[in-house]
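Thank you all for making the time; I would like to walk through one structure this morning, going from the contact between its chains to some details of the backbone and then to the charged pairs. Please have the structure open on your own screens while I talk.

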Amino acid sequence: MTTSALAEEALAVTNDEFTWFQDYFGRKTGIYFEDNKRYFVDRRLTTRMQATGHKSCLLYLRFVQFQPSQSEFQKLVNAMTVNETYFFREEYQLSALVDGVMDDVRKRKARGQSIRIWSMPCSTGEEPYSIAIYLMEHWPGMAEADVEIVGSDINSTVLDAAREGIFTDYALRNTPPNIVAKYFKRVSDTGYALHKDITEAITFTQVNLTNPDETRSYRGFDIVFCRNLLIYFDSTSRREAVECLYGALNPGGYIFLGHSESMSRISSLFTISRAADALVYQKPI
Amino acid sequence: MGLVKRTSKSGEKRELRFRDRSKEDLLAQLGDAQAVERRWAVRDLAEYADTMPMLCDCLETEKDEAVRAAILTTLLKQRSPEIARRLSGILSSEDAALRSAVMDVLADMPEQLDSLVEPLLRQEDPDLRIMVVTVVARLALPTVSDWLLNVAQQDAHPNVVAAALEGLGECGTVEMIANVRAVATRFPGNPYLAFSADAAAGRIGQRP
């Protein structure tokens, strides 16, 4: 057996360790990895074991659990939650936003009150920035209304990237060339920097959606984009997350979910309606 | 006009709590006239496991759907056999929306409901037994198909048996097919049950 194979074997994750991790990580973050994600989880666990110099998974997991600063737990969260996204993903929902939803929200606003949009999870920023650009390009009300956009994620690394606002051409693969030319500046062979006027206008915050202590202050939003997150949660965490989203929304506020997600399977608190080509969920007024 | 940004570092409204959040005050707020206050009290009580019986009491009288949902989510998070027992008692409520919401939560408490299933399946009221069968069919427990087959073979009420057959169509095993088909013979002259048994056996047989 080669040295590297021996090292790999030593860093192997046993079935019991995987089961413990599933339960612990699920309780702490709401994200439950099914057995079919074993390879994904094992690879990231062994990477973190190597990075922290742990020779056994059991010792590493104990370290994660009991480390006073919990910084390694955050690094593990970051490793487990990197999600690929891109600008103007599921554009039909952005179209629905400017073709009905924004005007409906604006009708209920007093003069001087801003419209608040929450992008959760925002990953590396493509979603909140897409919302901002789409509104500026396609919503006439932008000339008269104030819009505040907050992007949040549990992963601190992606939030740093979001704040930096540098994107690859892969992230811009669905972005029209005229929009790239207008809002981005090429900074390397494959890198584009989003204009500072946009990056500095979005607020990014770290939050765990299933932790009531962290989410309690998230209130007064009119629109929430929570796409492709709930599918990773177990049923209890899904309910907790939806409770948080319900509390975060103003009466009459809207939620956009991912195209494969359905609120009606989780909660009956929202009414479903159609805006342009998208289904949206609305908190009763 | 356009994009605006809050000046606070977090970007969020600073949390302002105008009401006392001690356990005693939160319990008192469960009786607040404003549903939004009751809902926040429920959410904050989630950290006090000993208040779950009071939340169960509230659930029986609470009319606001959002407060109910918050109570049920909190009870689900704190799940215990006692909570499952209290919730199963609510299945006899006259309130259909509440019953339905409770069934959804019970289906997510398999381990806590485990020891209660057999007594619940022996209740006198067939409507209650149908609801229990519906919940049982959704439980993630290895004993589910045995429970359902037992109901299909033993229960006297055709509608309860039909509910069990429907569940068996989802979770029955290949070894059960002959027994599932034979359930129809318990109710000769009942074409619906003959159809249900046949359909359940067919669905079991089609599964890979």
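This is a predicted model: local features need pLDDT of at least 70, side-chain atom pairs count only at pLDDT 80 or more; totals for chains, interfaces and linings use all residues.

The area buried between chain A and chain B is about 3000 Å², and carbon and sulfur atoms supply 51% of it. On the side of chain A, the residues that lose the most area to chain B are A:Arg216, A:Arg239 and A:Glu243, which together make up 23% of what that side buries.

Counted by residues, the contact draws 37 from chain A and 27 from chain B. Across this interface there are three salt bridges, and one that I would point out joins B:Arg39 to A:Glu243, with the closest N and O atoms 2.9 Å apart. The interface also holds 14 residue pairs in polar contact, counting pairs in which both residues are at pLDDT 80 or more. As for where the chain A side comes from, the elements that give two or more residues to it are helix 7, strand 2, strand 6 (202-206), helix 11 (212-215) and helix 12 (235-248) of chain A. Helix 12 of chain A gives the most, with eight residues, and the residues of that side divide into 16 nonpolar, 11 polar and 10 charged.

Within that chain B strand, B:Val4 stands opposite A:Glu148.

How many of the residues of strand 1 of chain A are buried? The count is five of its five residues. In a regular strand, side chains alternate between the two faces of the sheet. Here both faces are covered, with A:Ile115, A:Ile117 and A:Ser119 buried on one side and A:Arg116 and A:Trp118 buried on the other.

A:Met120 and A:Pro121 are joined by a cis peptide bond with omega at about 5°, and A:Pro121 sits in the loop between strand 1 (115-119) and helix 7 of chain A. A:Ser123 is found in the loop between strand 1 and helix 7 of chain A as well, and A:Ser123 has a positive phi of about 50° although it is not a glycine; its relative accessible area is 10%, so it counts as buried. A:Phe88 likewise has a positive phi, about 60°, without being a glycine. The place of A:Phe88 is the loop between helix 5 (71-80) and helix 6 (91-107) of chain A, and A:Phe88 is buried because its relative accessibility is 4%.

Another loop in chain A, between helix 7 (126-138) and strand 2 (146-153), contains A:Met142, which is buried at 8% relative accessibility. A:Met142 and A:Met102 are 40 residues apart in sequence, and their C-alpha atoms are 9.6 Å apart in space.

That brings me to the charged pairs, of which a search of the whole structure finds 25 salt bridges over all chains. The side chains of A:Arg106 and A:Glu144 meet in one of them, at 2.7 Å from N to O. This pair links distant parts of the chain, with A:Arg106 in helix 6 of chain A and A:Glu144 in the loop between helix 7 and strand 2 of chain A, 38 residues apart. A:Arg106 is partly exposed at 29% relative accessibility, whereas A:Glu144 is exposed at 53%.

A:Lys107 forms a salt bridge with A:Asp104, the closest N and O atoms being 3.4 Å apart. Why are these two separated by about one helical turn? The reason is that A:Lys107 and A:Asp104 are three residues apart in helix 6 of chain A. A:Lys107 is exposed at 65% relative accessibility, while A:Asp104 is buried at 16%. Together with A:Arg108, A:Asp104 and A:Lys107 are linked in a network of salt bridges.

In chain B, finally, B:Arg203 and B:Glu170 meet in a salt bridge at 2.1 Å, N to O.

Terms used. Residues are numbered from 1 along each chain as its sequence is written. Chains are lettered from A and ligands numbered from 1 in the order in which they are written. Side-chain values use heavy atoms; hydrogens and water are left out. Helices (H or I, at least four residues) and strands (E, at least two) are DSSP runs, numbered from the N terminus. Buried means under 20% relative accessible area, exposed over 50%, partly exposed in between (1.4 Å probe, protein chains only). Contact means heavy atoms within 4.5 Å. Buried area is the accessible area (1.4 Å probe) that two parts lose on being put together, summed over both. A salt bridge is a side-chain nitrogen of Lys or Arg within 4 Å of a carboxyl oxygen of Asp or Glu. A polar contact is a pair of N or O atoms within 3.5 Å; within protein, one must be able to donate a hydrogen and the other to accept it, and residues adjacent in sequence count only if both atoms are side-chain atoms. Ala, Val, Leu, Ile, Met, Phe, Trp, Tyr, Cys and Pro count as nonpolar, Asp, Glu, Lys and Arg as charged, and the others, Gly among them, as polar. Two strands pair if DSSP finds at least two bridges between them.
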